[in-house]
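This briefing is for a reader meeting the structure for the first time. Please look over the sequence and the model before going on to the points below.

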Amino acid sequence: MIAPTLRSIWLMLVGVPLLLVIAIVAPGWWTLSAGWIAAVAALMFVDLVMAARAYQLEIEPDTPVLLYMSGEDPVPVTFTFPAGPLPSRMEVQLETNDLIASPRRKIIKGWQNRAHTADFTLKPIRRGTGRLERVWARWTGPLGLVSIRNVKPLEQDIAITPNTRWVKEEAVRIYQRDADFGIKVQMDRGDGSEFDALREFVSGMDRRAIDWKHSARHRMLLAKEFRTERNHNIVFAFDTGRLMSEPLGGVPKLDRAINSALLLAYVSLRSGDRTAIFGFDARPTVQSSILTGTGAFPHVQRLASQLDYSAEDANYTLALTSLASRLERRSLIILFTDFVDTISAELMLENVSRLLDKHLVVFATFEDEALSQMINAAPNTAEDVSRAVIADTLLQEREVVFRRLQRMGAQVIETTPERFGSELVSRYLDIKRRELL
């Protein structure tokens, strides 16, 4: 598309006073007026002819295969002019669909071998199929009188998945200490409650581990060695309803919960425990069997990517009753959900209490940053004070629900998104250390 620039418009406007003077004082010299308009039009035509060969702009994006939630990935786009004059300045923009935040506009200056590569940063907003729609480029001719716009359709799809990159980095950090022991299979002794063997008591061992009966029989102090318990069921129950689909810091709560759950799934599978995925909104949506071994982690990732956003409210009665009927042995159930007030939490509390009769439940949710900001805001106006009072009341209601959960026997995790994953892993390890399963 071709359009006049501001420079050409100003050239036309500069001649308007002269044209008026000629029309009033010397109408016979009207040809000068026509000559001015023709001269500007001729210059615009010359500018267009000089830039005509630049219409063959080549645009080549290096599109990634995957994008990860709560992450940012660069997309290099190479702009090449095979022939014609090179513009001194060119504006470029990458257009995406609504699942990816619109990248910032770039200004290209300087060329190398008639090409320039601009890096656009893609930040996913929601899981699904992202799409690169088109690339826009705009520059002016050598004289700056004509603006040229080039639009190239891309129509390239990119899968947006849970942030397994972050999970891998955190897992490497957690298990980095294992490098000191080599790659041979070894038994984790010293912790846990499962009896492993008897050995001679030496200085530094826990005296409570002494087996006095066998020590008397063998006439030497013998102590028990234990090994870490394994094969526990860890069930990740995700509320995919309306409240969990709301954004928190630009990322839906559900995606933040999935990232943290994947980290814990990797840790638990590597520790010898078994995991399962369960998702629900108004009805159960994703239900998996019990998975075991680190080789099952890719399958856990695929199941987690199937947890879709929903605009419906969670039906705790149907979901948790269905979940309880599928579990045959005592399990650790980690419930990722949220609530607004004590009234909306009543059904949740009632159904969680039924689960606690047989299972251990960890209630995992995020801190309500919006309410905290209202409370901590400076009370400059009466409206600020009212908002702070209402926010404080809502936070107190949340605390009432948490205390009721704890009195019933459930464990509660409420923290910021940045600490959610580490807090989840720490609570899991603490539960195993205290032999609550």
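A residue is called buried when its relative accessible area is under 20%, exposed when over 50%, and partly exposed in between, using a 1.4 Å probe and protein chains only. By that definition, buried residues make up 42% of the 437 residues in the chain. The model is predicted, with local features needing pLDDT of at least 70 and side-chain atom pairs counting only at pLDDT 80 or more, while totals for chains, interfaces and linings use all residues. Residues are numbered from 1 along each chain as its sequence is written, and side-chain values use heavy atoms, leaving out hydrogens and water.

**Overall fold**
- The chain holds 11 helices and 21 strands, taken as DSSP runs numbered from the N terminus (helices H or I, at least four residues; strands E, at least two).
- Of the contacts (heavy atoms within 4.5 Å) between residues at least 6 apart in sequence, 73% join residues at least 24 apart.

**Helix α1**
- Ile9 lies in helix α1 (residues 6–25) and counts as partly exposed because its relative accessibility is 39%.
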